[in-house]
Amino acid sequence: KQWYQRRVRGEEQSFIKQFEKGLKLQKERILQVKKEGRERQEEKERKYREEVKKVEQMHTDQVELMQEKLNNERGEKVCWTEERAKQLKRYRAKKRAAMKKTIEELQKELIASEDSLHFKTQDIKKLCN
């Protein structure tokens with residue numbers, strides 16, 4: 001009977017050791033799976049952060065380009081406005097000079113016409129007398 005009990009105990013202990021080994025292996029496998037899951041999640045989060053960073057950089061670049069373009073357009077508009085003002089000033093000066101010349105010519109013709117009329121009137125008076 002003792003022999004049988006020892007044998008059963010030996011088998012039980014062997015079974016318990018096998019069970020504990022299997023349990024230990026399962027625990028290790030579960031820990032490994034959890035670790036791999038965490039690593040995949042961390043990698044996924046890292047890729048997501050990188051993607052967000054790329055998108056943010058792209059938007060920052062676009063905003064900078066738009067600001068640069070706006071500044072250039074403002075500069076061009078100022079230059080265009082200044083150039084337009086200069087052209088307008090030259091045009092006005094040219095027209096003013098042309099009007100002055102026309103007025104002077106008209107005044108000369110008027111004076112010449114008045115002189116001519118005056119002398120003609122005197123000639124007529126002389127002839128009538």
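## Surface of the chain

The accessible surface of this predicted model comes to about 13,300 Å². Carbon and sulfur atoms hold 56% of that surface. Accessible areas here come from the Shrake-Rupley method with a 1.4 Å probe, and for residues only the protein chains shown count as cover.

How many of the 129 residues count as buried? The share is 0%. To read such labels, remember that buried means under 20% relative accessible area, exposed means over 50%, and partly exposed lies in between, with a 1.4 Å probe and protein chains only.

## How to read the numbers

Residues are numbered from 1 along each chain as its sequence is written, and side-chain values use heavy atoms, with hydrogens and water left out. In this predicted model, local features need pLDDT of at least 70 and side-chain atom pairs count only at pLDDT 80 or more, while totals for chains, interfaces and linings use all residues.

## Overall form

Let's look at the chain as a whole. The chain has 1 helix and 0 strands; helices (H or I, at least four residues) and strands (E, at least two) are DSSP runs, numbered from the N terminus. Helix α1 covers residues 2-128. Along its principal axes, the C-alpha trace spans about 185 × 15 × 5 Å.

The radius of gyration of the chain is 55 Å, whereas a compact globule of 129 residues would have one near 14 Å. This radius is taken over C-alpha atoms, and the globule rule is 2.2 Å times the number of residues to the power 0.38.

## Distances along the helix

A97 lies in helix α1 and counts as partly exposed, at 45% relative accessibility. Between the C-alpha atoms of A97 and L117, which are 20 residues apart along the chain, the separation is 30 Å. C128 also belongs to helix α1, and C128 is exposed, with a relative accessible area of 63%. The C-alpha atoms of C128 and K108, again 20 residues apart along the chain, are separated by 30 Å.

What separates the C-alpha atoms of E109 and Q41, 68 residues apart along the chain? That distance is 100 Å. E109 has its place in helix α1 and is exposed, with a relative accessible area of 53%.

## Charges and salt bridges

The chain carries 36 positive and 25 negative charges, and their mean positions are 5 Å apart. Lys and Arg count as positive and Asp and Glu as negative, while His and the chain ends are not counted. The place of a charge is taken as NZ of Lys, CZ of Arg, CG of Asp or CD of Glu. Side chains of opposite charge can pair when their charged atoms come close. A salt bridge is a side-chain nitrogen of Lys or Arg within 4 Å of a carboxyl oxygen of Asp or Glu, and by this rule the count comes to 3.

Which residues are linked in a network of salt bridges? They are E43, R46 and E50. R46 pairs with E43, their closest N and O atoms being 2.3 Å apart, and E50 pairs with R46, the closest N and O atoms again being 2.3 Å apart. In helix α1, R46 and E43 are 3 residues apart, about one turn of the helix; E50 and R46 are 4 residues apart, also about one turn. R46 is partly exposed at 31% relative accessibility, E43 is partly exposed at 32%, and E50 is partly exposed at 37%. Elsewhere, E83 forms a salt bridge with R90, with 3.6 Å between the closest N and O atoms. E83 counts as partly exposed, at 35% relative accessibility.

## A nonpolar patch

F15, I16, F19 and L23 make a nonpolar surface patch of about 420 Å². Patches are made of residues with over 30% relative accessible area and no salt bridge; like charges are joined within 9 Å, and nonpolar side chains (Val, Leu, Ile, Met, Phe, Trp, Tyr) within 5 Å. L23 has its place in helix α1 and counts as partly exposed, at 34% relative accessibility.
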